[in-house]
Amino acid sequence: MQHPVLIQGGMGVAVSNWKLAKTVSKSGHLGVISGTCIDSVIVRRLQEGDRDGDVRRAMSHFPRPEIAEEVISKYYIPDGIAPGRPYKMLPMFGPKDDLNRQLIATLAAFVEVYLAKEGHDGVVGINLLTKIQLPNLPTLYGAMLAGVDYVLMGAGIPREIPGAITAFVEHRAASLVIDEDGPRTDDPIISSFDPSIAFPADSFPAIAGHVKRPHFLPIISTHTLGQMLLKRSPGGISGFVVEGPVAGGHNAPPRDGKINEQGEPEYGPRDHADFAKIAALGLPFWIAGGQGTPADLPAARSLGAHGIQVGTLFAFSQESGVAPELRAKTLQSVLDGTVKVKTDGLASPTGFPFKVAELEGTLSQAGVYEARERVCDLGYLRVPARLESGKIIMRCSAEPVDEYTKKAGAVAETAGRKCLCNALFSVIGLGQRRRSGYEELPLMTSGDQLATMGPFLAEFGASYSAIDVVEYLTSECETPQVKETLSTDEAVGCSCS
Ligand SMILES: Cc1cc2nc3c(=O)[nH]c(=O)nc-3n(C[C@H](O)[C@H](O)[C@H](O)COP(=O)(O)O)c2cc1C
């Protein structure tokens with residue numbers, strides 16, 4: 001099998017949902033669903049009434065039906081939740097593994113991958129964020145149970161994932177050492193997920209030893225990171241996505257650590273990958289960030305890349321999860337020339353820079369975030385920390401300041417931080433409604449490329465399909481690049497180099 005030349009980048013939270021990934025995958029390229037917070041996405045879709053029955057249909061194929069039934073009985077609202085009523089929440093992940101909670105993440109990833117793969121034989125990937133630590137193993141396993149073809153992982157160094165994939169293929173437990181907020185200790189926190197306990201071989205003979213190994217593509221910004229990962233996991237990596245600082249979502253911090261007066265990181269030459277050195281690693285690679293015109297794919301291939309990964313153009317297609325009004329507002333800002341994308345060095349509690357489109361009615365506007373009551377109730381970006389007593393607590397620098405400082409967090413760490421969890425649910429129209437009447441507002445992330453989307457919109461209009469994006473990006477390749485169906489044995493080559 002040859003790898004696809006075009007990857008539709010994973011975009012959380014559920015911006016790259018199963019509908020987008022399926023459309024791209026059916027066209028012969030790699031459609032990637034986002035695994036970020038996918039369990040909370042699924043339970044909110046159930047509360048919205050699961051109108052077409054997709055979530056429940058996919059759940060009916062989950063090998064442990066009693067888990068699916070329990071989630072449906074707790075969260076499904078047949079007529080949809082009443083307007084303004086708060087969504088019922090899942091319990092947050094904590095430092096101690098809880099198999100029942102983990103299995104909801106497993107179920108949710110299974111559902112999203114199942115739906116993206118349903119009814120065709122194109123290839124589908126899942127995107128996970130290294131920084132969202134505790135749900136990662138059960139989410140990865142759920143995706144593998146549904147036959148995911150690729151796992152893509154950035155926002156951190158996913159050094160333990162190739163070993164975890166091997167363990168899951170062999171129906172063994174996998175473990176991750178969890179990064180703590182504070183110095184390393186001799187007694188690290190370990191998170192594990194054990195398929196042989198969750199799906200015992202004697203009850204699940206069709207699963208034990210029959211789960212397929214997906215390709216693993218770490219998302220890196222420099223060849224040194226690629227080298228380090230390869231040294232650690234020879235054989236465990238199929239290739240790299242090489243992402244530059246203009247890409248949407250989180251960006252790698254600048255190597256010189258410089259931030260300008262507007263709070264934006266200043267990137268220099270050292271922050272741009274050396275593609276000759278990446279090519280010398282000997283694995284296929286895809287260039288991500290600002291790859292948004294028909295000339296980019298041939299140019300990437302002439303640099304030795306196998307292809308490109310694109311986010312921003314897909315993020316505003318009809319199939320993406322972005323709420324229609326927010327999509328229209330964002331594209332209107334491109335058409336009327338008011339569009340502005342900022343790299344916010346502080347917003348993300350991960351400490352990584354985060355790209356933000358500056359749009360009216362969103363949290364990007366001065367004073368709007370400050371009017372929000374700080375709440376941390378999704379908790380995916382919480383990190384364990386140890387109090388002087390030795391007690392392990394979970395904290396997030398975007399939580400209420402007094403709670404954070406009570407947990408020995410430094411007040412300076414809270415400045416400028418934004419609750420990305422709640423903001424990103426609002427982006428997809430599933431924002432929480434508070435009892436106070438406050439409705440969570442969105443923070444739209446986008447690549448710098450948004451500002452240069454004018455020619456694309458002039459050709460395809462402001463209501464375009466992901467297929468338009470695929471056709472546009474591959475239009476300077478000689479071989480036909482859009483297929484309705486694709487067998488995984490069929491090559492999706494490109495003769496555009
Ligand atoms: C709305 C949006 C959300 C994103 N979320 C993620 C994410 O959750 N994980 C990730 O690895 N990359 C994320 N990205 C980055 C994309 O996967 C992709 O690498 C990037 O957008 C490519 O650059 P471009 O935006 O210039 O096309 C996101 C990008 C966008 C636009």
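Helix H6, spanning residues 136–145, is mostly covered in this predicted model, with 10 of its 10 residues buried (under 20% relative accessible area; over 50% is exposed and anything in between partly exposed, with a 1.4 Å probe and protein chains only). Helices here are DSSP runs of H or I with at least four residues, strands are E runs of at least two, and both are numbered from the N terminus. The buried set in H6 includes Leu137, Pro138, Leu140, Tyr141 and Met144, along with Asn136 and Thr139. Just after H6, Gly147 takes a positive phi of about 85°.

Some bookkeeping on the model: it is predicted, local features need pLDDT of at least 70, side-chain atom pairs count only at pLDDT 80 or more, and totals for chains, interfaces and linings use all residues. Residues are numbered from 1 along each chain as its sequence is written, and side-chain values use heavy atoms, with hydrogens and water left out.

Zooming out, the protein has 17 helices and 14 strands, and 58% of its 497 residues count as buried. Its C-alpha atoms fill a box of roughly 60 × 60 × 50 Å along the principal axes.

Now the ligand. It is surrounded by 22 residues, the closest being Glu243, Gly290, Gln309, Gly311 and Thr312 (a residue counts if one of its heavy atoms lies within 4 Å). A polar side-chain atom of Glu243 sits 2.5 Å from a ligand oxygen. Gly290 uses a backbone N or O atom, 2.7 Å from an oxygen atom of the ligand, while a side-chain N or O atom of Gln309 is 2.7 Å from a ligand oxygen. Taken alone the ligand exposes 590 Å², and the protein buries 96% of that (Shrake-Rupley areas with a 1.4 Å probe). Strand E3 (124–129) and strand E10 (307–310) are the elements giving two or more residues to the shell. By type, the shell splits into six nonpolar, 15 polar and one charged residue, with Gly counted as polar.

As for cysteines, a search of the whole structure turns up zero disulfides (pairs of cysteine sulfur atoms within 2.5 Å). The sulfur of Cys419 has its closest cysteine sulfur in Cys421, 5.2 Å away and so too far for a bond. Cys419 is buried at a relative accessible area of 7%, and Cys477 is buried at 8%.

Note on methods:
Polar contact = N/O pair within 3.5 Å; in protein donor to acceptor, adjacent residues only side chain to side chain.
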